[in-house]
Amino acid sequence: MDFTEIYKQSSGIVAFSPGAHFVLTAVQDRVVIRRADTFQITRTWLSSSDAQSSQVSSRSQGSAKSQPVQPDAWITHASWSNDSEYLLAACAKRGVVNIFKLRDESWNARVNVGTESLVKAEWAPDGTCTYIQYPLHPDRGYGFRPDGRYLIIAERHKSKDTLGVYDASELYRLVRHFPLPTSTLASLSISPNGDYVAIWEGPMEFRVYILNLSGNTVGSFTPDLDPGYGIRSVVWHPSGFFLLVAGWDDKIHILERLTWGPVALLELQSRIGNPVIVWREPSDWLEKTQGRGFLSYERLQPPHSIAVGRPDFSKGNPKSGVVQLSFNVSGTLLLARFESAPTAVFLYAFPSASDHDVPTRPEASVSLAPKLKSVLIHTNPVVAARWNPVRKGSLAISCGTGSIYLWSDEWVGDDATGESEEVAECVGIPARQFNAQDIRWAPDGKGLILLDKEAFCCAFEVEDEEQPV
């Protein structure tokens, strides 16, 4: 991989544009736009939170640097519009959202929240802006249907959980408003096809409900044995046929769409047997290579045992449970991370999902059970794991160190079979005192953003010279 230079950033705000042609960065109160191919600065704005103009061109950034910036004036979040034409920069502590136009450096707009507090600002799919009262949670519990037509928000009215459905095509007109069966709703998740909404209870009750957009409860699930704590992770299969629900007990329940009943259960196991592929990070490889180049994982022969912690459930927020569930772009692979085994990443081969695959009898559900495919074991706890948004067999991992880790099952061997093989590699970051605390893929799947506390760099795959540009 080719790495860029190290650049400054604040609050972890670095993002590729939807077309992957530009990179947005926030540095305190300043928005910086770079070209993704050369990383030259093309635009710079000062996201002012006072009554003065909120635009400063890149030609005047030298004078602006000399001005001290108070921490409460820093940009807290920024993002691109879907067409990459506009970007917003919000200062939550001062209740100001500045909007800029990429092709017109002199154009800007502003939204002042005033005395009301600002928690978050984000783009609607159509780029419009609206204000809706009584959200249950300011940072979760809402979402747009995948086609962008409806905004669905969990609300609180007269001490009751409710759900509001707003038509984005008609200036967010309220089209549905109905009570919910939850007592203290934790959050919601909209199915990929937009037909259903999964809602679940707070931290002390393990119960999930599935509703349609008319407000009817079509299904619910709670385990036969009460795990003692609530739900920690919920994710839909990309097809919308399955809903995965996990709590604090290191178990993943897989529900199907016909009856909303369980068809499979995945549990964290300390012993890994055949035919699972086990990869382990080589010890002290980063010091031996001085962060230069790459090195393959060690492939271990199963059976193999991994360390699994024993949490104390008598205390709040025990160190257990599923901290991440995510599917690859095709839905054929499931990634799971457990807090009880913080250094491991588990990859499950997930069955294909189509109407004829969904069982009508309980005994037919055996074929739907995912199989553990691979386990990647690291020296340090994993802090981020991200699937490539384009390639179904490409995964990037970071452990908060001076390296990143890449896994792929797309490698084609030199033998006559031409079958794909697994490859797992450790890649050193060629920089001093840079620890990748987070990683983010470019929308085209060809590059990665690597984030440290106050800096970032990018890494790009080296393309074949014979490959057309």
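**Salt bridges, core and pocket**

Modeller: The side chains of Glu461 and Arg391 meet in a salt bridge, with 2.6 Å from N to O. Glu461 lies in the segment after β38 and Arg391 in the loop between β32 and β33, 70 residues apart. Please keep in mind that this is a predicted model.

Colleague: Why is the contact between Glu461 and Arg391 called a salt bridge?

Modeller: The cut-off is 4 Å between a side-chain nitrogen of Lys or Arg and a carboxyl oxygen of Asp or Glu. The N to O distance for Glu461 and Arg391 is 2.6 Å, so the pair qualifies.

Colleague: What makes Glu461 count as buried, exposed or partly exposed?

Modeller: Buried means under 20% relative accessible area and exposed means over 50%. Glu461 has 36%, so Glu461 counts as partly exposed. Arg391, at 28%, is therefore partly exposed too.

Colleague: How do you know that Glu422 and Lys373 form a salt bridge?

Modeller: Their closest N and O atoms are 3.7 Å apart, and the limit is 4 Å, so this pair passes. Glu422 sits in strand β35 and Lys373 in strand β31, 49 residues apart, which links distant parts of the chain.

Colleague: Which label does Glu422 get, buried or exposed?

Modeller: Glu422 has a relative accessible area of 11%.

Colleague: What makes the largest nonpolar core a core?

Modeller: Its members are buried nonpolar residues joined through side-chain atoms within 4.5 Å. There are 29 residues, and Leu244, Ile252 and Phe338 are among those with the most contacts inside this core. Strands β20, β21 and β30 are among those that each supply at least two of its residues, and β30 gives the largest share, four residues. Apart from it lies another core, of 19 residues, including Ile277 and Trp387. In soluble globular proteins, nonpolar side chains tend to be buried together.

Colleague: And what is the lining of the largest pocket like, by class?

Modeller: The lining has 21 nonpolar, six polar and three charged residues. The pocket holds about 1100 Å³ of space. Lys120, Ala121, Thr130, Tyr131 and Ile132 lie nearest its centre.

Methods. Residues numbered from 1 in each chain as written. Predicted model: local features only at pLDDT ≥ 70, side-chain atom pairs only at ≥ 80, totals over all residues. Heavy atoms only, no water. Buried < 20%, exposed > 50% of the residue type's maximum accessible area, 1.4 Å probe, protein only. 1 Å grid on protein atoms, 1.4 Å probe; cavity = no way out; pocket = protein on both sides within 12 Å on 5 of 7 lines; lining within 4 Å. Points joined across faces, edges and corners; volume = space filled by probe spheres on them. Nonpolar A, V, L, I, M, F, W, Y, C, P; charged D, E, K, R; others polar.
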